[in-house]
Amino acid sequence: MDCIFCMIRDGKIPSSKVFENDKVLAFKDLHPQAKVHVLVIPKTHIASCDEISPLNSDCVKAVFEAIPEVAAGLGLDKGYRVVTNCGEHGCQSVKHLHFHILGGEQLADKMS
Ligand code: 5GP
Ligand code: ZN
């Protein structure tokens, strides 16, 4: 499958990993939009939020259970933002479900 994040998961494309367990991988975004910008992905390929169902939502649960650990590892004790983009209007560019963790500085209060 021609999916960048599956290739990162499989080690076919290098990445700066910050967290990994059996279901979840987190790595630094190539083009950071905040002082700290990390992507958290389920290892299972799910195309977007639109593809979440009772059949695969355990992957999403695993991502959200990992997020506090990822954030703590990044030293984000003052808080952070978790964002997922979905589809064209959401400006999703990589079609493998991922959650942006943004922080390390004061973020804008506007989200769009
Ligand atoms: P989206 O726009 O789909 O919500 O976010 C995709 C993110 O993936 C972007 O922030 C982009 O910088 C990041 N990205 C795209 N290709 C790569 C890559 O090969 N490696 C890493 N680490 N990040 C990538
Ligand atoms: Zn994928």
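**Exercise 1. Where is Cys91 placed, and is it buried or exposed?**

Step 1. Cys91 sits in the loop between E4 and E5; strands (E, at least two residues) and helices (H or I, at least four) are DSSP runs numbered from the N terminus. The model is predicted: local features need pLDDT of at least 70, side-chain atom pairs count only at pLDDT 80 or more, and totals for chains, interfaces and linings use all residues. Residues are numbered from 1 along each chain as its sequence is written, chains are lettered from A and ligands numbered from 1 in the order in which they are written, and side-chain values use heavy atoms, with hydrogens and water left out.

Step 2. The relative accessible area of Cys91 is 59%, so this residue is exposed. The cut-offs are under 20% for buried and over 50% for exposed, with partly exposed in between (1.4 Å probe, protein chains only).

Step 3. Cys91 is not a glycine, yet its phi is positive, about 60 degrees.

**Exercise 2. In what order do the five strands form the open sheet?**

Step 1. The order is E1-E2-E3-E5-E4, with antiparallel pairing. Two strands pair if DSSP finds at least two bridges between them.

Step 2. Strand E1 (17–20) and E4 are the edge strands, each pairing on one side only.

Step 3. On average, neighbouring strands of this sheet are turned by 20 degrees against each other, direction ignored. Such angles run from 0 to 180 degrees between N-to-C directions, and axes are lines fitted to C-alpha atoms, for helices over the stretch in contact.

Step 4. Now take the joins. E2 and E3 are linked by five bridges, and Leu25 has Ile41 as its bridge partner in E3. Five bridges also join E3 to E5, where Val40 stands opposite Phe99. E4 is joined to strand E5 (residues 99–103) by four bridges; there, Val83 has His100 as its bridge partner.

**Exercise 3. Why is E3 largely enclosed by the rest of the structure?**

Step 1. Seven of the seven residues of E3 are buried, so the strand is largely enclosed.

Step 2. Sort these residues by face. Val36, Val38, Val40 and Pro42 are on one side, His37, Leu39 and Ile41 on the other, and both faces are covered.

Step 3. Helix H2 (residues 57–73) lies across E1, E2, strand E3 (36–42), E4 and E5, and runs at about 150 degrees to E3.

**Exercise 4. With which residues is Lys28 in contact, leaving aside its neighbours within four places in sequence?**

Step 1. Lys28 belongs to strand E2 (residues 24–28).

Step 2. Its contacts (heavy atoms within 4.5 Å) are Ser16, Val18, His37 and Val38.

Step 3. Ser16 is 12 residues from Lys28 in sequence, but the C-alpha atoms are 5.5 Å apart.

**Exercise 5. How many salt bridges does a search of the whole structure find?**

Step 1. The search finds four. A salt bridge is a side-chain nitrogen of Lys or Arg within 4 Å of a carboxyl oxygen of Asp or Glu.

Step 2. Among them is the pair Arg9 and Asp10, at 2.8 Å from N to O. Arg9 is partly exposed at 24%, and Asp10 is partly exposed at 42%.

Step 3. Another joins Glu20 and Lys17, at 3.6 Å.

Step 4. Glu65 and Lys61 form one as well, with their closest N and O atoms 3.1 Å apart. The two residues are four apart in helix H2, which means about one helical turn between them. Salt bridges with shared partners also join Lys17, Glu20 and Lys43 into one network.
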